Amino acid sequence: MKVEKNKVVSLTYELIVDGRLADKADESRPLDYIHGTHMLLPKFESEVEGKEPGESFAFTLTPEEGYGTFDESRLVDLPKEAFTVDGVVRDDLLVVGQIIPMISDSGHVVQGTVYKVGENSVTMDFNHPMAGKTLNFTGKVMEVRDATEKELTEGLHGEYLPHEGKRCHKHDGDGECCHKHDGDGECCHHGDHEGGCCHDKE
C-alpha cells in the first residue's frame with residue numbers, strides 16, 4: 001500500500017538543522033499522521049507521497065518550503081510586568097532562547113521565544129523556532145494503512161475535536177499540544193502554563 005491521501009502513515013525520521021540533530025522519531029516512537037490532511041508541511045508530504053513501507057527518503061526543504069523566513073514583525077516588546085506570577089517577575093524564565101507559552105488577546109495559546117531581555121522590557125519572538133532554517137530530513141516509511149471513518153472525522157489523535165477554545169495543530173507523541181502562531185500580530189501576555197502549553201496532552 002502506497003502513501004496517499006487519507007492513508008495513516010507511520011514513519012521514522014531525523015531532522016538535521018545547521019549540522020545538528022534537531023528532532024527525530026525512531027522505530028520505538030514513530031511519527032504517525034493521516035496523509036493529505038495538512039498535518040505536516042506540504043513539501044514533506046509531497047516528498048513521501050507514493051512511497052511504500054520499507055522505503056527510505058532523504059530530502060531538503062528551504063525555509064520557504066518549511067516554516068518560512070524570519071519575520072521581524074513577529075518580534076514583540078513586552079513590559080517585564082507581563083511575566084509576573086504571584087506578584088513576582090519570573091526572571092528565571094527571562095533567558096534568551098527560553099520558550100514561554102503566552103496568551104494572545106483572543107485567548108489562544110501561542111509559543112514565544114525570549115529574544116532579548118532589557119532593563120524594563122522583554123522582546124519575544126513569535127516566529128516558528130525553525131523559521132529561516134534549512135531542514136534536512138532522512139527516514140523510512142514503516143507502515144501505511146487506510147484511515148477509519150472515525151479517524152477521518154475526529155483525527156488520528158482527536159485533533160479535530162474541540163479543545164476548549166484551544167487550537168491543536170499536530171500531536172508530537174508526548175501528550176502535549178503544539179500550537180503555531182497564527183500571524184495575526186496580536187499582543188501576547190504570559191499565561192501561567194509553566195512547562196508546556198496545554199497539558200491535556202498537542
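Leaving aside neighbours within four places in sequence, Lys7 is in contact (heavy atoms within 4.5 Å) with Met1, Lys2, Tyr33, Ile34, His35, Val144, Arg145, Asp146 and Ala147. Lys7 lies in strand S1, residues 7-17; helices (H or I, at least four residues) and strands (E, at least two) are DSSP runs, numbered from the N terminus. Lys7 counts as buried because its relative accessibility is 11%. Buried here stands for under 20% relative accessible area, exposed for over 50%, and partly exposed for values in between, with a 1.4 Å probe and protein chains only.

The structure is a predicted model, in which local features need pLDDT of at least 70 and side-chain atom pairs count only at pLDDT 80 or more, while totals for chains, interfaces and linings use all residues. Residues are numbered from 1 along each chain as its sequence is written, and side-chain values use heavy atoms, with hydrogens and water left out.

The protein chain holds two helices and 14 strands. Of its 202 residues, 40% are buried. The accessible surface of the chain comes to about 11,100 Å², and carbon and sulfur atoms account for 47% of that surface.

Side chains of opposite charge can pair when their charged atoms come close. Seven salt bridges were found in a search of the whole structure, a salt bridge being a side-chain nitrogen of Lys or Arg within 4 Å of a carboxyl oxygen of Asp or Glu. One of them joins the side chains of Arg145 and Glu151, at 2.8 Å from N to O. Arg145 is partly exposed, with a relative accessible area of 29%, whereas Glu151 is buried at 14%. Salt bridges that share partners also join Glu4, Lys7 and Asp146 into one network.

Another salt bridge links the side chains of Asp92 and Arg90, at 2.7 Å from N to O. Arg90 has a relative accessible area of 17% and is therefore buried. A salt bridge is also formed by the side chains of Lys43 and Glu47, with an N to O distance of 3.7 Å. Both residues belong to helix H1 (residues 42-48), where Lys43 and Glu47 are four residues apart, about one turn of the helix. Lys43 is partly exposed at 29% relative accessible area, and Glu47 is partly exposed at 28% relative accessibility.

Strand S5 (residues 75-79) contains Leu78, which is buried with a relative accessible area of 3%. In a regular strand the side chains alternate between the two faces of the sheet. The covered face of S5 carries Val76 and Leu78, and the uncovered face carries Leu75, Asp77 and Pro79.

S5 pairs with strand S10 (residues 121-125) in the antiparallel sense over five bridges; two strands pair if DSSP finds at least two bridges between them. Leu78 and Val122 are 44 residues apart in sequence, with their C-alpha atoms 5.3 Å apart in space. Asp77 has Thr123 as its bridge partner in S10. The side chains of Thr123 and Asp77 are also joined by a polar contact of 2.5 Å. A polar contact is a pair of N or O atoms within 3.5 Å; within protein, one must be able to donate a hydrogen and the other to accept it, and residues adjacent in sequence count only if both atoms are side-chain atoms. Thr123 is buried, with a relative accessible area of 9%.

How values were computed
Accessible areas come from the Shrake-Rupley method with a 1.4 Å probe; for residues, only the protein chains shown count as cover.
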